[in-house]
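Let's walk through a protein together, one question at a time. Have the picture open while you read.

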Amino acid sequence: MAMDYAEIVKEVGSLRAPPNLDDYERTRREWSWDRVRADLGLRDDFVNQAYQCIDRHVYDGRGEKTAMIWEGADGAIERYTFEDMRRQTNRFANVLRKLGVRKADRVFIFADRIPELYFALFGVLKVGAIGAPLFSAFGPEPVAERVKRAEGMMIITTPALLPKVNAIRGDLPSLKHVMVIGHRAAVTAAEGDLDYGALMAEASDEFEIERTGAEDWSIMHFTSGTTGLPKGAAHVHGAVVGHYATGKYALDLHPDDVFWCTADPGWVTGTSYGMFAPWSNGVTQVIYEGGFGATRWYDIIQRHRVTVWYTAPTAIRMLMKGGSRIAKQRDLSSLRYMMSVGEPLAPAGVVWGVEAIGLPFHDNWWQTETGAVMITNFPALPIRPGSMGLAFPGIEAAIIDDEFQEITQPMQEGQLALRPGGPSMFRTYWQDEERYNSRFKGGWYLTGDRAKRDADGYFWFIGRDDDVINTAGHLVGPFEVESALIAHPAVAEAGVIGKPDAMAMEIVKAFVALKDGYEPSEELRRELIGHARQRLGPGVAPREIEFVSSLPKTRSGKIMRRLLKARELGLPEGDTSTLEED
Ligand code: AMP
């Protein structure tokens, strides 16, 4: 008999606190973003994300509350109150202003999850500049591409990552400063480089925050498309209204919660939910510097009495692989609410949460461009395992056909679309207005995902509508990987696809045709993987390379990745009328 996932989840997933959103239909009917703005105390034109997340709490008498519990990869624990955060971020804002960093300048932060990363990013927001955090596992090439595209004027990094910056700095004409942060350690900055610690020691604790408005730029995250290199999705300070609202009603954050989001700020979840949503709600959050480790993760929940936990399906699958025994040996009874985002969460993952931890994972959907949760399984409603949930109040989501008409029949596949607008939506792709405009058609914002909706309004994910690869919840653009591969002297052409994988959802697989004079060999395969890893970093480089004599192309010369994928999976090849085989 098929397992009734919904029944299993319903029986055990009882709530331990009254949810902030108790009546979905009524909240949706009565929703007003202006009311959220009022709730945040936004009365005049001044909106600054750093002020909302930090200073406001100090002025409202919560300065002594712990904002950040930081746990280092080596086990060190540090705590920072909202007042500590206010001072540190003020100091950094003073450092930046003295260096001449001005409104809308692009400042990159390329660091592991150390406390200074957070101080620096909020300091950037306080001067009104645009913060662009980058994933520390990136190789030099993705860093260079992104800094170039946004004409970044500064990179803030750590001694460990500095060699990657040194490898590319000569190639970045816009770059004025490189700053090096040593967490609780002195750094030896090269001549001309800036030493974070030395500059902070001289800076004042007081700073007058730039009078940013709701539509002023705040943060930029790079996201991959099918063609071209990643684009900088630019967000504005007013997005904090969406972060706050979704923090309160989708993450169900309560004032006394201890929240833990496992995402890195190099990805949008790590800023929207690893910074802005919890801190605009005045909630204490745990930040763990290290990566995945089942035992360590459970220990963190137990040690810090985490109540609300936001993670991703790949991590859940890895926890499942380790079995529920380790979870059961820990005291995880502090947990009240668990969520997942970034990839489809299989019903088995939802149910495993119930079995191992006593709570289901609530799946939700959103993307870099939307800036905040758009679709979610709400705490007050029964979970539909396998579904991403219902549209957030104030958000209109639909399934549309190829003519951009809404499909109203339940369970019909189409493209997932949203009505444009809303505080957290991106406002452009940096210096690529054309591509930005191409995402809006027929009165909809096109998400690039395919999905269906059931009769009760729950959305069910089907897949991407493009060739973008989702590996462990991180999007990888095939073009970026292909470009790195063809930079190798042996490679004539490369086509890159996402190959399904039990753990990471997809892995990056490359098909490579060699130039005349080169022969496929195991040695060359390893060399190409090494070449790609060195340039791109391990999260982006292909895990598999297959040599082929040629790649299927359209008559206009475009590599048909879909065909490569169909062949890889042994699926029907579909319409090949435009195929030009050698
Ligand atoms: P990113 O912009 O990197 O945050 O990636 C966003 C993309 O990840 C979405 O467009 C989806 O393709 C995928 N995604 C995010 N959340 C979910 C989810 N809950 N279920 C399925 N896919 C998801």
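Buried means under 20% relative accessible area, exposed means over 50%, and partly exposed is in between (1.4 Å probe, protein chains only). This is a predicted model: local features need pLDDT of at least 70, side-chain atom pairs count only at pLDDT 80 or more, and totals for chains, interfaces and linings use all residues. Residues are numbered from 1 along each chain as its sequence is written, and side-chain values use heavy atoms, with hydrogens and water left out.

Q: Are tyrosine 80 and phenylalanine 119 buried or exposed?
A: Go by the cut-off of under 20% relative accessible area for buried. Tyrosine 80 and phenylalanine 119 are both buried.

Q: How do the rings of tyrosine 80 and phenylalanine 119 pair up?
A: Rings of Phe, Tyr and Trp (its six-membered ring) pair if their centres lie within 6.5 Å; planes under 30 degrees apart are stacked, over 60 edge-to-face, and the rest tilted. By this rule there are 31 aromatic pairs. In this one, the centres are 5.3 Å apart with 75° between the planes, which makes the pair edge-to-face.

Q: Tyrosine 80 and phenylalanine 119 tie together parts that are how many residues apart in sequence?
A: Helices (H or I, at least four residues) and strands (E, at least two) are DSSP runs, numbered from the N terminus. Tyrosine 80 is in strand 2 (residues 77-81) and phenylalanine 119 is in helix 6 (residues 115-126), so their pair ties together parts separated in sequence by 39 residues.

Q: Which strands stand at the edges of the open sheet of nine strands?
A: Two strands pair if DSSP finds at least two bridges between them. The order in this sheet is 2-1-11-10-12-13-14-15-16, with mixed pairing. Each edge strand has a single partner strand, so one side of it is left without a neighbour in the sheet: these are strand 2 and strand 16.

Q: Which residue in strand 16 is the bridge partner of threonine 376?
A: Strand 15 (residues 375-376) runs antiparallel to strand 16, and two bridges join them. For threonine 376, the partner is leucine 390.

Q: Which ring does the charged end of arginine 419 sit over?
A: A charge sits over a ring if NZ of Lys or CZ of Arg is within 6 Å of the ring centre and within 35 degrees of the ring normal. Here the distance from the centre is 3.6 Å, and the ring belongs to tryptophan 444.
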